[in-house]
Amino acid sequence: MNDPIIQFHHFSFQYHAQSEPTLHDIELEIRKGEKVLICGPSGCGKSTLAHCINGLIPFSYKGECGGSLTIAGRESRELGIFEISRTVGTVLQDADGQFVGLTVAEDIAFAPENDCVGEPELHERVEKAAALVGVGDHLRHAPGELSGGQKQRVSLAGILVDDVDVLLFDEPLANLDPATGKQAIELIDEIQRKTGAAVVIIEHRLEDVLHRHVDRVVLMNAGRILADTTPDELLAGDLLKENGIREPLYITALKYAGVAVTADKRPDSIGHIRLDEEDMKKVRDWFARTPPAPPRPERPMQLEAKGLRFAYSNGHEALRELSLSVREGELSAIVGTNGAGKSTFCKLLCGFETQQEGTISLSGADMAALSIKERADHIGYVMQSPNQMISQTMIYDEVALGLRTRGLSEDEIRPRVEETLKICGLWPFRSWPVSALSFGQKKRVTIASILVLEPEIILLDEPTAGQDYRHYTEIMEFLLALNRRGLTVLMVTHDMHLMLEYARRAIVFSDGALIADAPCAEILTDEEIIRRASLKETSLYTLAQRCGVGDGQAFVQRFIDYERQEVRGT
Amino acid sequence: MRNIFNYVERSSPIHRLTGATKLICLLLWSFAAMTSYDTRLLAALTILSVPLFAVSRIRYSDVSFMLGFTLVFMVLNNVLVFAFAPQHGVSIYGTCHVLADLGGRWLITKEQLFYHFNLVLKYLSTIPIVLLFVCTTQPSEFAASLNRIGVKYTVAYSVALALRYIPDIQREYHEISQAQQARGIEMSKKQRLSKRLRSASAILIPLILSSMDRIEIISNAMELRGFGKHKKRSWYMARPFRAADFLSMAFCALLLAAALLLNYLNGGRFWNPFI
Amino acid sequence: MKKSPIVTVVAIGIGAALFFVLARFVAIPSPVPNTNISIQYGLLAFMAALFGPVAGLLIGLIGHALADFSFGWGIWWSWVIASAVFGGLMGIAARKLRLEEGEFSKKDLVGFLIAVVIAHAAAWFVIAPVLDIVIYAEPANKVFVQGLFAGVSNIVTSGIIGSLLCAAYAAAKPKKGSLKEEE
């Protein structure tokens, strides 16, 4: 093997504003041509580690470094951030933040422009890099004309336009739909083979990254490296689960079935995991002995949309002939690609836009005459980022805002706000400022500020975006508890785990129309729907097929039910 | 984006001029129109813009929307000038030819009408050229052009960033304002001004706070890609000057020279036909 | 937030984009032409207080010029320059504020409001009308009345919106303190 291109030795780091170090005693080597995944729960230090690798630490974020970090053989603190960027190229999580050019070509040209590269070399390099990631036909497009996946490709091209030795990806899957995420992982793999660069991926969605081979997985928690080993070794142990990382679903299923998952079975991919006849029998037996969940009683119809058609003023037809219905007390996921019409549908529900044709009725009554504010008394809408909603300094005031604008007296408001704070687990923080809360707690505050209006339906846009498995579970368990109190919950999401584990039904949009409305197990095992809606087949289905379980769909459903009843006790 | 600034993608000799040329011409032309109040020059500039539009293949329908704005603005401004200073023309031109007496200070004089005519010409001589610039210059080329005419590249890039993020921020503003409306925040005219401003800040606060996060992310991204490394930078959108560029700039420089010369000959900014 | 030169470049760009969006899409027209009840000056006051005079000046200049471009009435230089002057003066007058550290006391509020009054007065009572006279030879009483109206309404809106933004920004800075969970 080559010499290490990045080498941490007894490395530690403490931000100036903090009283404790964020990284402790890091020992890590990354060699040219290697592909390393760094995972760990939120706050484990993985982003700080990434900042050390690309030079933002110590050059932009100030703090105290201990030990040594060498990049291409030289001590990083003696280099500058610009010198480090010649070796390490970073693709940030926020594709819109990284896309600083007005068009694709200009964005790719950004780094060489800063190096004063002139014509004709500049155009040649841009075209070459664009072709490498497959955006050669979009050079003149503005960012607004691109999908999330295409923007990420442009970010990558903007790095590849220079010859870097290390490609660093910060949560590359965070904002992508499942099929696009899969393509991103394939693209990273392909680029690595073409360029021979080292690849470092920071991500907590382990199963999705393992879609392609990874040499090593580094597991972090509380600022320390807990494991630095092959994916096979790591999957065979219990470290992942203990540290709040979701195992691949097929591994979890195998463990439920009593199969011993060992490294020599090569469990890092459902494609090549070695299962002997005895293992397969265990899986079939588990399926046979696990009872199906009892069917849920049919509830009355609550929300009905009929023949919705909507086109934006620029002529783009976002919805055509969309009809769907939701029953009381449902917990459903609305899925589909960007531009399939999900967010337009939400806007029509909330009254932000008005459909050109069709009707929406709630409990049998047409909603056409209701204003935005009146609809909000029935259907509450929670935006993706809490920062887009919070306008008050104190938690209490933020939750009370909607009641105050409705002209209620403080005496009427107080009991309702207090009750809501209790339901949302925010009671202990009732006199705190919002700024003292974590991201997940802020999300709760935004949900509370909607719940206080006592809607019958709550509509959430990507409720778990940007959160690790533990926080995500917390939010979802909370929504589940609300759902059990009778609230109908609709979630717009790209997250397959979320959908599979929590939603009872999936409402699938494609190209402005409804293409499916069925239990998630049915959706995620149907190739045609998966393809049209840019979803991804669940590895549970593949496992069922490999083990000779006849009814793969029932196997997936059984797994979901088992987790809900036996593991989470719900 | 393109429809905010109304760039119209067509092929014409004016489209083919570099952005820097068009920017320099715009500046020279509007300085000429700004420094002079000579009726003959303003009229010449106005008439000259007609063939330029024809050459640029920009149609009336491309700019009618923006012209509408401008006409309203022009009429209102003229009404105001008359309301506040009906004798402004008299004081400028130094003579008084009364056409009608509306009572009180409301005399209608030839001088006042002539002043208004010049004021209208002032609009008509600058607005077409601005519209022409906006319609034929790609926003992308604008920043590179600024740098080319001597603006520091960091400032030029600030302009590029503003153009880049206007659509994103516009969308975010819209989304936040809708979600806040659902919670009962209103900015309608029914409410008192102070309440309206409080409502506005309930939308602005989330917008600003998320923009602050955006600033941090973008500056990290730019730093990681070497922005600010050298004293200059190159531009993908920059194009070399051709003969047509030099000719256009020379012509506009002549216009400015004419304006300055006329000011000198007239002994002031106004051309006075009354003496 | 760190304050490297790059952060200033980005703050100017994003600030100008915000200024543009507020000027272009949130303008509430007032009876006097060329003047709006413009909330963008509240934003500008806040950005100038946070990022300093250079940023304030350029946000005003670029944001206002772009807005004028998009309306299509040409650039009304006298008013663009007045916006830039306001941003610059605001940045100088509010340089003592420590918003970054999460501080915005009553005393800071008074200081901020005084800065708003001074900067707007200079921009709209002096710069804008004088330039209108110099560049466009408009009658003095008309432009001074226009400036007076614009100045007063801008002082009110930026005073209210600007200080709400400053207070919200300072409050959103996490502070070390003795917060306790309550039963």
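Guide: Start with confidence, as this is a predicted model. Chain C averages a pLDDT of 87, and 87% of its residues score at least 70. Its elements differ in score. Helix H2 (residues 40-51) of chain C has the highest mean pLDDT among them, 95. Strand E1 (residues 28-29) of chain C has the lowest, 56. Where pLDDT is low, the predicted coordinates should not be read in detail. For the model, ipTM is 0.90 and pTM is 0.92.

Now chain A. Its secondary structure comes to 24 helices and 20 strands. The radius of gyration is 25 Å, close to the 25 Å that the globule rule gives for 570 residues, so chain A is as compact as a globular protein of that length. Its C-alpha trace spans about 70 × 60 × 50 Å along the principal axes. Of the 570 residues in chain A, 48% are buried. Take the contacts in chain A with a separation of 6 or more: 68% of them join residues 24 or more positions apart.

On to the sheets. Strands of a sheet pair through backbone hydrogen bonds, either parallel or antiparallel. One open sheet of chain A has 4 strands in the order E2-E1-E4-E5, and its pairing is antiparallel. Strand E2 (23-31) and strand E5 (74-75) of chain A are at the edges, each with a single partner strand, so one side of each has no neighbour in the sheet. Strand E1 (residues 4-15) of chain A pairs with strand E4 (residues 63-71) of chain A in the antiparallel sense, over 8 bridges. A:His9 has A:Ser68 in E4(A) as its bridge partner. Helix H1 (residues 46-54) of chain A lies across E1, E2 and E4 of chain A. Helix H1 of chain A runs at about 125° to E1(A).

Strand E14 (residues 357-362) of chain A pairs with E15(A) in the antiparallel sense over 2 bridges. Here A:Ser361 stands opposite A:Asp366 in E15(A).

Next, a helix pair. Two packed helices are described by the angle between their axes and the distance between the axes. For helix H16 (residues 395-405) and helix H18 (residues 439-451) of chain A, the angle is about 35° and the axes are 7 Å apart. On the H16(A) side, the contact is made by A:Ile395, A:Glu398, A:Val399, A:Leu401 and A:Gly402. H18(A) brings A:Val445, A:Ala448 and A:Ser449. The crossing of H16(A) and H18(A) is right-handed.

Finish with a single residue. A:Met491 lies in strand E18 (residues 488-492) of chain A. A:Met491 counts as buried because it has 24 C-beta neighbours inside 10 Å. Beyond its neighbours within four places in sequence, A:Met491 is in contact with A:Ala333, A:Ile334, A:Leu460, A:Pro463 and A:Ala503. From A:Met491 to A:Tyr502 is 11 residues in sequence and 10 Å in space, C-alpha to C-alpha.

Definitions and conventions
Residues numbered from 1 in each chain as written. Chains lettered and ligands numbered in written order. Predicted model: local features only at pLDDT ≥ 70, side-chain atom pairs only at ≥ 80, totals over all residues. Pairing = 2+ DSSP bridges. pLDDT = per-residue confidence, 0-100. Buried ≥ 20, exposed ≤ 12 C-beta atoms within 10 Å, placed from the backbone. Contact = placed C-beta atoms within 7 Å. Rg over C-alpha atoms; globule rule 2.2 N^0.38 Å. Axes fitted to C-alpha atoms, helices over the stretch in contact; angles between N-to-C directions. Left-handed = near helix turned anticlockwise from the far one by under 90°.
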